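Please keep the sequence and the 3D view open side by side while you read.

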Amino acid sequence: MLHLRVIATPDRSAAVTDLLAAERGVTHLVVLPGAARQPAGDLITCDVVRESADSVLQGLRRLGAEAQGGIAADDVELAISVAADRAAR
């Protein structure tokens with residue numbers, strides 16, 4: 001599982017959130033409006049099962065999430081969550 005951290009500019013935030021919410025392999029979606037300062041925008045975090053990671057990252061890049069904001073990914077060593085188990089299935 002990967003933990004994604006996306007900084008989305010206000011004009012892209014809704015599209016980024018919608019993309020992540022629609023993906024079955026995404027869970028623990030959190031949106032913190034206006035939390036990012038440099039670059040300014042919304043901080044969006046989520047966990048993504050590895051099987052969905054490529055399509056999620058491609059979708060984020062199609063939306064231009066990296067152009068004005070940024071995308072970072074970290075490995076999740078342990079996730080104890082029914083929602084994470086459901087996303088993996």
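**Before we start**

This is a predicted model, in which local features need pLDDT of at least 70 and side-chain atom pairs count only at pLDDT 80 or more, while totals for chains, interfaces and linings use all residues. Residues are numbered from 1 along each chain as its sequence is written, and side-chain values use heavy atoms, with hydrogens and water left out.

**The whole chain**

The protein chain has four helices and four strands; here helices (H or I, at least four residues) and strands (E, at least two) are DSSP runs, numbered from the N terminus. Followed along the sequence, their pattern is β-α-β-β-α-α-β-α. The radius of gyration is 12 Å, close to the 12 Å that the globule rule gives for 89 residues, so the chain is as compact as a globular protein of that length. That radius is taken over C-alpha atoms, and the globule rule is 2.2 Å times the number of residues to the power 0.38. Along the principal axes, the C-alpha atoms fill a box of roughly 35 × 20 × 20 Å.

Of the 89 residues, 37% count as buried. Buried means under 20% relative accessible area, exposed over 50%, and partly exposed in between (1.4 Å probe, protein chains only). Contact means heavy atoms within 4.5 Å. Among contacts between residues at least 6 apart in sequence, 72% join residues at least 24 apart.

**The nonpolar core**

A nonpolar core is a set of buried Ala, Val, Leu, Ile, Met, Phe, Trp, Tyr and Cys residues joined through side-chain atoms within 4.5 Å. The largest one here has 14 residues, and those with the most contacts inside it are Val 6, Val 16, Leu 20, Val 48, Val 56 and Leu 60. Two or more residues each come from strand E1 (2-8), helix H1 (10-22), strand E3 (40-48) and helix H2 (50-62). E1 gives the largest share, four residues.

| Residue | Relative accessibility | Class |
|---|---|---|
| Thr 9 | 11% | buried |
| Asp 42 | 13% | buried |
| His 28 | 32% | partly exposed |

Thr 9 lies in the loop between E1 and H1. Not counting residues up to four places away in sequence, Thr 9 touches Ala 40, Gly 41, Gln 68 and Gly 69.

Asp 42 is found in strand E3. Beyond its neighbours within four places in sequence, Asp 42 is in contact with Val 6, Ile 7, Ala 8, Ser 13, Leu 32, Pro 33, Gly 34 and Ala 36. The C-alpha atoms of Asp 42 and Gly 64, 22 residues apart along the chain, are separated by 14 Å.

**Two backbone details**

Most residues other than glycine have a negative phi, and most peptide bonds are trans. His 28, in strand E2, has a positive phi of about 55 degrees although it is not a glycine. The peptide bond from Gln 38 to Pro 39 is cis, with omega near 0 degrees. You will find Pro 39 in the loop between strand E2 (26-37) and E3.
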